[in-house]
Amino acid sequence: MRICRFTTGEDPMFGLVDGAGEKIAEISGDPLYTRIELTGQTFRVDEVRLLAPVIPRSKVVGIGRNYADHAAEMGSEVPEEPMMFLVPNTAVCGPDDPVVIPPVTDEVSYEAELAVVIGRMCKDVAAEQASTVIFGYTVANDVTARDLQRTDGQWARAKGMDTFCPLGPWIETDLDVGDLAVVSRVDGEVRQDGTTADLVHGIGALVEHVSASFTLLPGDVILTGTPAGVGLVEAGQRVEVEVEGIGAMSNPFVRADAGDPA
Ligand code: MG
């Protein structure tokens with residue numbers, strides 16, 4: 001199933017998206033917590049606004065340097081254990097939402113990633129059991145302020161600022177993630193073209209590692225890392241991120257006016 005969250009201008013709704021990505025069948029309630037029941041109402045994808053398919057209940061757990069080619073392009077080694085960072089849920093935005101570059105950074109990069117959506121509360125999950133706690137998968141852009149990443153040491157600000165974690169366009173619940181293309185495009189030009197086959201630590205290992213430290217709640221998200229090809233993006237450009245078998249999402253990047261708290 002492909003599960004989206006969307007609005008026609010009123011309260012957010014959830015729906016099932018058809019294979020072509022064109023039609024939505026509305027479902028009642030949040031599928032993370034309630035059985036899926038169709039309401040009978042249908043919409044065209046192009047007549048609604050897709051929202052982030054999930055607002056993480058407690059956290060987004062990011063994984064750094066999980067593709068060897070990306071670690072190499074950053075001049076870094078692949079860490080022996082998955083390297084974790086936390087992104088607050090206030091960083092999450094949805095398809096087409098503007099990513100707002102604040103005045104404190106001059107070096108903002110895109111990072112196309114496969115994102116794991118957790119389906120139930122869990123702790124200490126063995127890698128082989130990971131599929132039992134995974135609700136589905138979506139696409140993330142792990143937007144990063146490289147200058148702050150260097151100077152802060154901690155990545156909280158570099159990766160956690162408002163709008164720095166676009167998620168979408170929907171959650172795919174049935175997906176073999178062993179070898180999926182992970183692609184980003186800036187203004188239509190391909191910048192990253194990797195595959196999940198190159199993940200250093202696979203999905204099961206990540207769920208095991210993350211859940212050994214943190215209780216995971218339904219709707220929590222794990223970002224699985226980005227392949228090589230990252231680069232800077234300027235205000236006025238649009239970044240599309242795509243994972244094969246899920247779909248593509250794009251976001252315009254804009255500059256916050258200096259002094260504008262928004
Ligand atoms: Mg990343």
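**The loop at V200**

Mentor: V200 sits in the loop between β16 (189-195) and α4 (203-213). Helices (H or I, at least four residues) and strands (E, at least two) are DSSP runs, numbered from the N terminus. This is a predicted model: local features need pLDDT of at least 70, side-chain atom pairs count only at pLDDT 80 or more, and totals for chains, interfaces and linings use all residues. Residues are numbered from 1 along each chain as its sequence is written, and side-chain values use heavy atoms, with hydrogens and water left out.

Trainee: What does V200 contact, leaving aside its neighbours within four places in sequence?
Mentor: N66, Y67, A68 and V78. Contact means heavy atoms within 4.5 Å.

Trainee: And how far apart are the C-alpha atoms of V200 and Y67?
Mentor: They are separated by 5.6 Å, though the two residues are 133 residues apart along the chain.

Trainee: New topic. Where is R65, and what is its phi?
Mentor: R65 lies in the loop between β6 (60-64) and α1 (68-73). Its phi is near 50°, a positive value in a residue other than glycine. Most residues other than glycine have a negative phi.

Trainee: Which other residue has phi near 50°?
Mentor: D124. D124 is in the loop between β11 (112-118) and β12 (134-141), and counts as exposed at 54% relative accessibility.

Trainee: Which peptide bond is cis?
Mentor: The one from G168 to P169, with omega near 0°. P169 lies in strand β14.

Methods: Buried means under 20% relative accessible area, exposed over 50%, partly exposed in between (1.4 Å probe, protein chains only).
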